[in-house]
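Visitor: I'm new to this one, so please pick a single part and walk me through it slowly. A close look is what I'm after.

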Amino acid sequence: MATAEARGAWCVPCLVSLDTLQELCRKEKLTCKSIGITKRNLNNYEVEYLCDYKVVKDMEYYLVKWKGWPDSTNTWEPLQNLKCPLLLQQFLNDKHNYLSQVKKGKAITVKDNNKALKPAVAEYIVKKAKQRIALQRWQDELNRRKNHKGMIFVENTVDLEGPPSDFYYINEYKPAPGISLVNEATFGCSCTDCFFEKCCPAEAGVLLAYNKNQQIKIPPGTPIYECNSRCQCGPDCPNRIVQKGTQYTLCIFRTSNGCGWGVKTLVKIKRMSFVMEYVGEVITSEEAERRGQLYDNKGITYLFDLDYESDEFTVDAARYGNVSHFVNHSCDPNLQVFNVFIDNLDTRLPRIALFSTRTINAGEELTFDYQMKGSGDISSDSIDHSPAKKRVRTVCRCGAVTCRGYLN
């Protein structure tokens with residue numbers, strides 16, 4: 001049997017979805033190991049999701065979408081033949097959710113047809129199934145790209161929104177053309193115990209940022225100087241907190257208050273603990289002003305000024321970023337911003353780290369104040385590390401008792 005590789009059929013797989021490639025392979029009877037189509041599974045049938053339901057002569061049937069096969073091959077299968085309890089439960093849950101939404105919207109009782117589904121119900125169930133698959137693939141992609149310990153989950157139980165179409169996950173700053181981030185440290189410590197010896201913070205004229213419980217102990221506005229690649233201390237050094245990356249399992253979830261995506265923690269986070277970095281594309285402040293006008297018109301903001309000592313550069317996390325891209329604003333936040341220096345000691349280009357201001361319980365949404373005027377335990381109204389200034393006032397939806405009404 002001929003293979004897709006041998007015929008050069010799929011030299012640009014990035015332009016076509018995996019499902020489409022698998023369907024084409026099966027249609028043409030081609031094997032392609034790179035997308036999982038082999039001689040052994042070329043003719044396999046696996047239930048991908050359930051599309052519809054009906055009852056014929058007291059027998060229940062479900063319309064099955066077969067994984068890796070086109071919709072034209074969908075078949076009605078009796079319930080007794082289906083060995084996919086999870087997919088059956090998802091089908092029933094989606095059906096129930098749709099009918100519940102209709103009841104809320106119309107304030108009337110919607111009869112559940114036990115013989116067949118209405119087309120609108122079946123259409124919703126298929127959309128939810130496709131969304132679930134797309135979000136799972138996005139979740140897998142995020143976890144392949146991340147370089148930290150903490151896992152990333154994705155969840156949407158609110159609407160039919162799928163993964164963002166124009167967002168690229170990165171782990172560190174991405175410099176715009178013409179901007180150089182190469183500025184390696186010229187010296188490092190030779191400590192045997194960075195807690196008690198003259199380490200990198202002392203050389204920079206500041207205090208060591210952490211205590212022995214890996215919690216931050218300095219006030220906002222004070223820079224963090226961690227040990228760098230020239231230091232003789234190893235990766236377990238207690239002054240290497242931010243560079244170890246996110247240690248917590250987080251979930252990007254669809255909010256129910258109209259704020260779009262948000263981030264919640266799935267584990268308890270102790271107060272004053274490092275949670276994540278804020279990364280994105282590093283651009284000039286002039287370019288940030290231009291982009292800011294576009295973002296203002298959309299009522300969004302992803303621009304964060306790197307104004308620790310000067311105001312030359314801005315981080316734009318609109319297209320390039322990590323989990324922090326999805327963290328929402330709150331006028332009563334549980335995260336606080338700190339400037340961090342590790343290998344790059346250029347004070348114009350600090351790394352931005354988010355630390356917890358208090359204990360954050362599992363399931364709680366993570367937020368930070370875009371104006372850095374939060375009321376957390378280690379916040380301060382006198383410190384202003386605010387994102388790039390905006391020209392259009394954006395309404396705040398944080399719901400906090402202390403809400404100021406606007407994001408800017």
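Visitor: Which residue in β2 stands opposite Lys54?

Guide: That's Tyr61. Before we go on, this is a predicted model, where local features need pLDDT of at least 70 and side-chain atom pairs count only at pLDDT 80 or more, while totals for chains, interfaces and linings use all residues. Numbering starts from 1 along each chain as its sequence is written, and side-chain values use heavy atoms, leaving out hydrogens and water.

Now to the strands. β1 covers residues 47-56 and β2 covers residues 59-66 (strands are DSSP runs of E, at least two residues; helices are runs of H or I, at least four; both are numbered from the N terminus). The two run antiparallel, joined by eight bridges (strands pair if DSSP finds at least two bridges between them). Most of β1 is covered up, with eight of its 10 residues buried (buried is under 20% relative accessible area, exposed is over 50%, and partly exposed is in between, using a 1.4 Å probe and protein chains only).

Stay on β2 for a moment and look at Tyr62, which sits in that strand. The structure holds 15 aromatic pairs (rings of Phe, Tyr and Trp, the last by its six-membered ring, pair if their centres lie within 6.5 Å; planes under 30 degrees apart are stacked, over 60 edge-to-face, the rest tilted). One of them joins Tyr62 and Phe91: the ring centres are 5.2 Å apart and the planes are at 85°, so this pair is edge-to-face. Phe91 belongs to helix α3 (residues 85-106), so the pair ties together parts that are 29 residues apart in sequence. Tyr62 and Phe91 are both buried.

Other rings turn up elsewhere. Trp138, Phe167, Trp261 and Phe326 form one aromatic cluster.

Met272 lies in the loop between β9 (261-265) and β10 (274-278), and is buried, at 16% relative accessible area.
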